[in-house]
There are 4 protein chains.
Amino acid sequence: MRTITIHDAKDLRIDAQGEPAAPGDGQVEITLATGGICGSDLHYYNHGGFGAIRLKEPMILGHEVCGHVARVGAGVTGLNPGDLVAVSPSRPCGQCRYCREGHPNHCENMRFYGSAMPFPHIQGAFREVLLADASQCVVANGLSTGEAAMAEPLSVVLHACRRAGDLLGKKVLVTGCGPIGTLAILAARAAGAAHIVATDLSENALQYAAKVGADQTINMASDAAALSAYEAGKGTFDVLFECSGAPQALAAGIAAMRPRGVVMQLGLGGDMSIPMMQVTAKELDLRGSFRFHEEFATAIALMQSGRIDVKPLISHTLQLADAVAAFELASDRNQAMKVHISFA
Amino acid sequence: MRTITIHDAKDLRIDAQGEPAAPGDGQVEITLATGGICGSDLHYYNHGGFGAIRLKEPMILGHEVCGHVARVGAGVTGLNPGDLVAVSPSRPCGQCRYCREGHPNHCENMRFYGSAMPFPHIQGAFREVLLADASQCVVANGLSTGEAAMAEPLSVVLHACRRAGDLLGKKVLVTGCGPIGTLAILAARAAGAAHIVATDLSENALQYAAKVGADQTINMASDAAALSAYEAGKGTFDVLFECSGAPQALAAGIAAMRPRGVVMQLGLGGDMSIPMMQVTAKELDLRGSFRFHEEFATAIALMQSGRIDVKPLISHTLQLADAVAAFELASDRNQAMKVHISFA
Amino acid sequence: MRTITIHDAKDLRIDAQGEPAAPGDGQVEITLATGGICGSDLHYYNHGGFGAIRLKEPMILGHEVCGHVARVGAGVTGLNPGDLVAVSPSRPCGQCRYCREGHPNHCENMRFYGSAMPFPHIQGAFREVLLADASQCVVANGLSTGEAAMAEPLSVVLHACRRAGDLLGKKVLVTGCGPIGTLAILAARAAGAAHIVATDLSENALQYAAKVGADQTINMASDAAALSAYEAGKGTFDVLFECSGAPQALAAGIAAMRPRGVVMQLGLGGDMSIPMMQVTAKELDLRGSFRFHEEFATAIALMQSGRIDVKPLISHTLQLADAVAAFELASDRNQAMKVHISFA
Amino acid sequence: MRTITIHDAKDLRIDAQGEPAAPGDGQVEITLATGGICGSDLHYYNHGGFGAIRLKEPMILGHEVCGHVARVGAGVTGLNPGDLVAVSPSRPCGQCRYCREGHPNHCENMRFYGSAMPFPHIQGAFREVLLADASQCVVANGLSTGEAAMAEPLSVVLHACRRAGDLLGKKVLVTGCGPIGTLAILAARAAGAAHIVATDLSENALQYAAKVGADQTINMASDAAALSAYEAGKGTFDVLFECSGAPQALAAGIAAMRPRGVVMQLGLGGDMSIPMMQVTAKELDLRGSFRFHEEFATAIALMQSGRIDVKPLISHTLQLADAVAAFELASDRNQAMKVHISFA
């Protein structure tokens, strides 16, 4: 079977590998259908890693995947051959302190698909045949494979929404309108936000933001004053979803927050200088949000019931053979939004 | 000018009263447009009060009203003659302990329209001309007067939603589908609830529930087993909005809750026997919800932006001259939902 | 080895049983030191069960125990022969929905020591030699065995405190001053409560309440007016720990709560009639609290650091041979508080 | 009467001013007893302001004061001549959006004693005779005047504790052990924190930290490794009270936090560079905390009941005539902790 494997920065290959063994107890064999390219995949592709996290050996990429059940191992219930399943890339141990406290996303022994963080690296899911634990699989029948592959990034924003608290009737700012930012707009819209403003530097990104429901889009390259207008009085926004990882975006967002507002930091940046006097004087709550846990099943349910429609965000779908082109395309914020690879 | 005044149980009169003086500092004169009949109005009409709260003198009813600004007093800004305004019936003192703590709905000196609780009673707002404080008024231009008159009961359920926490992707049960219950369905739908089940004993009520978005309606008179099915495992619902005030409804709802679920009690009943062992063993949170405060402006904003459409719940609109007929109609749960009186 | 086994109501026996096998992987053999008698043990002893939960076969009682490590199985780290350990009776599966969400106390497959709920019953820990999982054990060196055996009930109140939110400077009411109520007083005191009032019908219980820090004790049999005085204005208490399971205590407590107060229900009663109008109008939060999870280690730490001193609550310690006398004594609220059995 | 007035950086004068008029309706005349020097007073004294906030005209300093009631105006109840009262410097309008929402510390029209922020400046309370609103006064009979003057800074940390959530059994880090940091230690101790570590660069400050209950003190100038040790695993502390305003302190603290920990930012710094990747990946909650509101009365109550003893933190008390010496002393972190001025 074929895999999409990163060997070094800009050295992405379609490698061949033997088929996996038959599924063991509690396991499922999945014929992969669709995989989405995530920002972290792009970091490995373009830079060989990020921060202190560096590739040390070839690693199969990918953690936003779905496929069809081919075979089920002993003891598996509720999954049948032919089912479309979204596969959660999150594999916490279930035994450590953080798992026991209900924070499996902070598991001390996490084996998250396609991560170079421990060594040997945790291999990813971009492979034609995937052996997964049944507990990772959520049945997604009725969805397109493109939608099912969006369950993972949608879970990320659902987790952030849950940490942000209720949004009904709230004023929301989203800074950074890549796939995570635009999904945050969709989720905030579904949660009843009254007014959503989105900022970015790319017109392409802002067009997607408008398409999925932003009430106002602001290009910070040309129209930063439009955001400053929200600083009037003591500020405007109840909630900020910071999805860019850019210090300037965070600082501009903080200035537009009302006292007691909540800032959800999803964007992954390095050290960021922030106007702490405003955080203190306005008593803002700046909360990190990282991955997800039980929101994965919720994501599927929200798509199945039609409450959230992610299809407008899938800008391109390429074949497995064109994986390198897909990664190049996904790296271009002025052209693409979410890029999918078809394994079928 | 004419008022709708309750003199005793079943003794509702259209009385004449002198016009109010010109609006003073910070005040607004409003030509009333529409008033909604609330459950507490009906209690005064049908029973002369409820529990220990009894009529002791004639009282103008009504606290769900809107109208058009006729004249504004000195120092009033942001309100102009001709504006449609929804008028909040809540007049807290702003100085007592609970006001200072941000809970004006628990104000020790509250003067809520149409309440027999203190004596002399607090007169209500069903009068052709209403003198109100500017701070009670929210501009509702663009809405119909029927919608504007729904701001008050919608605020009640928004307050309950805020106390319930985020609903995105949650499973919600609503027991009792009168105006408050059906508005709770609308609000839960707007807040992204994934699955909403509604119960009542009246087919008429359940039809409205379905119309505003309940995924399933259950007539407890004929099909209680359909709710019991949700007791499977450790129970199903994340949130219950109890809007009936009936102990049986609360008990049946508690049995269908999942551990750590939240029960919002909006229905006003007397002493209620509840299965406390389940509350303890499932660690349910049973939270009272009473009136509202800053949600009043949010209600208007959510209707103006189209996020919540209350129009399907206005079942009848009668003229002021037909007020008694309107109260009779509103008392019949098998015919009516929200009954409005037109003062225009 | 000997066990304390309940055969039927009032039929408690000291039975003999074979020694357990050597500890397996991850297991620890413990020479039991001290066991505390809990209210549920007394229900089995006096009534053969409670509510729908009935004894169907003989069951070893006990779930408040500590002892010394005798032998450790393979793979056990951090526990050494001779260590004093408190043993958590809570054995959740770690895999079900509630375990994954961080609520192991609601585990669908819980095997809690000394519970007749599933059948076959889950045998308890009152046995001279106990084989436990290492993950159940918390090292309690430096504590007396009496203190270590209090870790379990102390965890129950720590869990309730955590659910109640911060108590610093708050006014607290405790209704029912058995071992759970008096431990709640100790915990509320440690958490900085400004004023603690305790009620009961037993003078003996109230004396213990005063001894561990209640600022005022009220005997509801003779002086209920002293509690009613707290109903003045809109009520007084920020938090109520209801530890009696008596509907009258809950109703009297609710009447003395201030708006937005929190009622923690720990006492296990059946159906309870409550003044729901007050719950709604004061927007009280009535929260069930059931068992505990990670608070077990916290309980040990708080005793080791001297922040909480449970010793005054251990009223009697009897030898294993006198188990029946110990159960009789523990059943008499006018004589005993916490009764311990020494297995040494 | 005499006042302590700042005319410019390093130009502090004891000025004479006419006596105030007799107390009006709802007012109280207070013979000042004791005033505490706060960090913001020192900023005006040493630098003429901070950040964009600059002195533009002479301003009476001081907002941590107490005194004895001399005369009461009409309509004042509960205050009698001779009473010792602590005077809250916080005078919110009670009408703006934030007052109505229960956040008077964010009042849009705040008149906080001794603030150069609006112009004309809000004059402070360091004056021999003070006319205050009765609603600002809390009776502090039974306390020393030194304790009563500590109500204000104690309120600041109680507010931060309330925002931090419950501390019972938690591991707490305090960075910066000036008056606010040491009071945070006292409050965290009163709230049941299990383990408190305090850091600073000054040995004098750390000695005070130890005296009021820090379990471990770390001098970051000489022993930073002792704090780094807490980074093991995923980090240690549940709560950080950052009271220094120094970016290095915040960064070092963040590194030692456990996932899902809470960082309370009390120290006022300018732009601060923070390791945002850790905030995100550990899902920390960084919350600003600013002033206080109803905690003022709680502070008095906690001192009166003996739960919190602030006396060890009052390092020096000088006479009004020695005000300049007092400000010099308070500016020297290696000598002083809280410096009081006696007006009696």
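Me: Where is Tyr208(B) found, and is Tyr208(B) buried or exposed?

Reply: In this predicted model, Tyr208(B) lies in helix H6 (residues 203–211) of chain B, where helices are DSSP runs of H or I with at least four residues, strands are E runs of at least two, and both are numbered from the N terminus. Tyr208(B) is buried, with a relative accessible area of 11%; buried means under 20% relative accessible area, exposed over 50%, and partly exposed in between, using a 1.4 Å probe and protein chains only.

Me: Which residues does Tyr208(B) touch?

Reply: Leaving out residues up to four places away in sequence, Tyr208(B) touches Thr182(B), Pro312(B), Leu313(B), Ser315(B) and Met337(B), a contact being heavy atoms within 4.5 Å. The C-alpha atom of Tyr208(B) is also separated by 7.8 Å from that of Cys177(B), 31 residues apart along the chain.

Me: How should I read the packing of two helices, and at what angle do H4 and H10 of chain C pack?

Reply: Two packed helices are described by the angle between their axes and the distance between the axes. Helix H4 (residues 151–164) and helix H10 (residues 295–304) of chain C pack at about 105 degrees with axes 8 Å apart, the axes being lines fitted to C-alpha atoms over the stretch in contact and the angles running from 0 to 180 degrees between N-to-C directions. H4(C) and H10(C) are therefore roughly perpendicular to each other, given that angles under 35 degrees count as roughly parallel, over 145 as roughly antiparallel, 65 to 115 as roughly perpendicular and the rest as oblique.

Me: Which residues of H4(C) meet H10(C)?

Reply: Among them are Leu154(C), Leu158(C) and His159(C) in H4(C), which meet residues of H10(C) including Phe296(C), Ile300(C) and Met303(C). His159(C) is itself buried, with a relative accessible area of 1%, and touches residues of another chain, including Arg260(B) and Glu283(B), as well as Asn105(C) and Phe290(C) among others.

Me: Which residues of helix H8 of chain B are buried, and what covers them?

Reply: In H8 (residues 247–255) of chain B, the buried residues are Ala249(B), Leu250(B), Gly253(B), Ile254(B) and Ala255(B). Their cover includes strand S14 (237–242) and helix H9 (276–281) of chain B, together with helix H9 (276–281) of chain C.

Me: How are the residues and chains labelled, and what was counted?

Reply: Residues are numbered from 1 along each chain as its sequence is written, while chains are lettered from A and ligands numbered from 1 in the order in which they are written. Local features need pLDDT of at least 70 and side-chain atom pairs count only at pLDDT 80 or more, whereas totals for chains, interfaces and linings use all residues, and side-chain values use heavy atoms, with hydrogens and water left out.
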